[in-house]
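Biologist: Please take a close look at the aromatic rings in this model. What do they pair with, and where do charges sit over them?

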Amino acid sequence: MAMRSDSVKKGLERAPHRSLFKAMGYTDEEIARPLIGIANAANGIIPGHVHLDMIASAVEKGVYLGGGTPIPFGVIGVCDGIAMNHEGMKYSLGSREIIADSIEIMAKAHAFDGLVMVTNCDKIVPGMLMAAARLNIPTVVVSGGPMMAGSHPGAKGGDKLDLISVFEAVGRVKTGAMSQEELAIVENEACPTCGSCAGMFTANSMNCLTEAIGMGLPGNGTIPAVKSARLRLAKLAGMRAVACVRENLTPDKIMTPQAFANALAVDMALGCSTNTVLHLPAIAREAGVAFSLDMVNIIAEKIPNLCRLSPAGMHRIEDLDRAGGVPAVLKSLADAGLINADCMTVTGNTLSKNIMAAKVWDDSVIRPVENPYSKKGGLAVLKGNLAPDGCVVKQSAVVEQMLIHSGPARVFNTEEDATQAILGGQIKKGDVVVIRYEGPKGGPGMREMLTPTSVICGMGLDAAVALITDGRFSGGTRGAAIGHVSPEAMGGGPIAFVEEGDRISINIPERTITLDVSEDVLAQRKKKWTPPAPKISTGYMARYARAVSSADKGAVVE
């Protein structure tokens with residue numbers, strides 16, 4: 001069969017190219033096979049990626065088993081937890097674009113016939129999916145799997161820990177509710193294995209949605225990193241990549257409008273991270289599929305929230321896997337007629353065939369459609385004069401008394417200033433904390449706000465204080481945390497004109513967010529406003545800030 005790689009290996013004129021392959025030890029037989037690029041995001045700084053060389057090695061074996069030739073190459077990644085609450089977080093979202101671009105460069109420059117994306121954590125997964133959609137080369141995505149939950153040695157009843165337990169424990173220490181000795185125990189026990197952090201945070205959200213959209217094999221989102229089943233899955237991914245080349249099964253046949261609707265449906269059922277509302281539009285744009293924030297509310301209205309995983313509940317990803325994983329969630333939704341199960345997937349089969357034998361083994365983890373945690377999905381998009389183009393909240397992680405809230409604005413122009421005020425006891429019950437100039441342009445890079453939200457929760461204020469930002473939140477955030485306010489402050493959005501003490505009204509059930517200030521007053525404030533100087537004026541992030549779109553468009557580089 002004709003192959004893309006023929007342009008670098010076939011014919012008289014390609015003798016020099018073949019010579020270079022042979023310099024690396026490739027045989028004529030290997031060169032003649034389909035060349036499968038393996039984009040490996042392994043590194044020694046991300047817990048979810050520290051073991052990916054083992055996963056990539058299993059993928060290589062799978063490619064050989066399938067009759068292809070594996071060609072591994074490296075991809076960068078950022079650990080959002082380690083980058084949190086300092087300058088490093090400015091670089092996290094921007095890394096997504098570099099990941100996509102670098103894979104495009106490698107695949108195009110070397111004429112790979114197919115790809116396997118070996119990934120796991122927050123921006124690496126969507127960056128790889130963006131590259132897959134852009135290149136439209138047969139591709140299979142395989143993640144490194146989630147971390148096991150930790151456990152406190154003195155806990156009764158099997159209480160579990162994860163990274164968010166540590167962030168929130170800091171707030172408890174600040175209020176005197178926990179000793180530093182106790183914090184040290186939590187710190188040592190919360191993250192016991194390699195893998196993406198154990199809750200339904202951004203990494204696991206995107207790995208589950210990769211499975212739902214059809215670009216990952218069943219089990220991709222939930223099989224724990226330390227299980228041998230994860231290695232078997234990686235081998236199957238390598239085999240399927242070769243098969244997809246032979247079947248000409250390209251991403252455009254998988255990432256269809258119906259597949260994105262399915263992904264959003266699973267997003268709502270699982271209660272995924274608000275960051276999915278940044279990444280799905282960016283991936284859809286590369287795939288040529290229309291996507292707007294309005295779709296979030298439309299789908300949330302009809303898809304029930306079936307799971308409450310950390311931070312919204314006590315279950316972790318290992319529990320979801322044990323209960324049947326993403327296939328069981330998809331089967332529940334399909335049986336209720338809530339998704340399109342005729343979509344093609346990288347298995348070579350339709351979604352309906354993939355989930356035919358799926359079963360819910362624990363309905364306390366995956367509730368029945370007729371008895372959900374909530375009749376509406378996990379995310380909500382709010383609009384109003386404070387966010388004309390929208391903002392997003394994980395409503396499944398908001399306590400009931402905060403679904404409707406009104407209070408005075410406490411305004412901060414940086415995350416650091418807001419965190420200091422919270423830790424210093426300056427935020428009172430009823431307040432609405434506003435953190436601005438942290439958007440895609442203003443940050444630059446739209447930092448996650450896990451530290452201030454976790455401290456609010458740890459100090460026991462999550463049932464009385466809301467937080468609004470043009471930045472974003474970790475998937476581990478819980479409480480009335482409303483992010484992605486668009487337009488952002490740096491772009492002259494209304495959030496730039498909020499003043500200390502202004503009243504802000506939030507109504508999540510009605511999908512509204514209102515700054516209780518007249519249009520005339522806002523217009524006067526806008527006339528007096530001038531944008532602040534960029535926080536970074538050189539290097540990649542300066543270029544990123546000049547080119548990046550607003551959050552409601554997915555914060556993509558135009």
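Modeller: A charge sits over a ring if NZ of Lys or CZ of Arg is within 6 Å of the ring centre and within 35 degrees of the ring normal. By that rule, the charged end of K359 lies over the ring of W361, 5.2 Å from its centre. R367 places its charged end over the ring of Y373, at 3.8 Å from the centre.

A note on the basis. This is a predicted model, where local features need pLDDT of at least 70, side-chain atom pairs count only at pLDDT 80 or more, and totals for chains, interfaces and linings use all residues. Residues are numbered from 1 along each chain as its sequence is written, and side-chain values use heavy atoms, with hydrogens and water left out.

Now the ring pairs. Rings of Phe, Tyr and Trp (its six-membered ring) pair if their centres lie within 6.5 Å; planes under 30 degrees apart are stacked, over 60 edge-to-face, the rest tilted. The whole structure holds 4 aromatic pairs. One of them joins F21 and Y26, edge-to-face, 5.7 Å centre to centre with 70° between the planes. Both F21 and Y26 are buried (under 20% relative accessible area with a 1.4 Å probe, protein chains only; exposed is over 50%, partly exposed in between).

F497 and W529 also pair edge-to-face, at 5.8 Å centre to centre and 80° between the planes. This pair links distant parts of the chain, 32 residues apart. F497 is in the loop between β12 (481-486) and β13 (503-507). W529 is in the loop between α20 (519-528) and α21 (539-547). Helices (H or I, at least four residues) and strands (E, at least two) are DSSP runs, numbered from the N terminus. F497 counts as buried because its relative accessible area is 6%.
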